[in-house]
Amino acid sequence: MLDVMSLEGKTIVVTGAAQGIGQAVAGLAVGLGARVVGVDLNGDKLNAVAAMMNGRLLPYVGSVADAAFTEATVADVKARCGVNFAELASEKSFAFGFAA
């Protein structure tokens, strides 16, 4: 039977993953089996959250408003996780799951 709530084998990106709603979403996604790419400005908090998630959250410290950071993060996630953002949308109009 297919578990419709399972995120096993999926990689998702959560911005604001160090606290509040972002942290809650990251925790839920990990609990459902996803690998989470967590992005936040607060490196100390983000790394603490990553430690709590037993290696299922990859922390990236920076701002998605910074184009260079976003491009570098997308490239690194592609290399580390095998995620192909181009399958979802063109890279010029896609960053972290949201159409521009």
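## Basis of the model

Contact here means heavy atoms within 4.5 Å. Helices (H or I, at least four residues) and strands (E, at least two) are DSSP runs, numbered from the N terminus.

This is a predicted model, in which local features need pLDDT of at least 70, side-chain atom pairs count only at pLDDT 80 or more, and totals for chains, interfaces and linings use all residues. Residues are numbered from 1 along each chain as its sequence is written, and side-chain values use heavy atoms, with hydrogens and water left out.

## Confidence

The chain has an average pLDDT (the predictor's confidence in each residue, from 0 to 100) of 83, and 80% of the residues score at least 70. Over residues 88-100 pLDDT stays under 50.

An open sheet is formed by three strands in the order 1-2-3, with parallel pairing; two strands pair if DSSP finds at least two bridges between them. Strand 1 (11-15) and strand 3 stand at the edges with a single partner strand each, so one side of each is left without a neighbour in the sheet.

Strand 2 (residues 35-40) is joined to strand 3 (residues 57-61) by five bridges. Valine 37 has leucine 58 in strand 3 as its bridge partner.

## Helices on the sheet

Helix 2 packs on the sheet and touches strand 2 and strand 3, its direction making about 175° with that of strand 3. Helix 3 (residues 67-81) lies across strand 1, strand 2 and strand 3, at about 155° to strand 3. Axes are lines fitted to C-alpha atoms, for helices over the stretch in contact, and angles run from 0 to 180 degrees between N-to-C directions.
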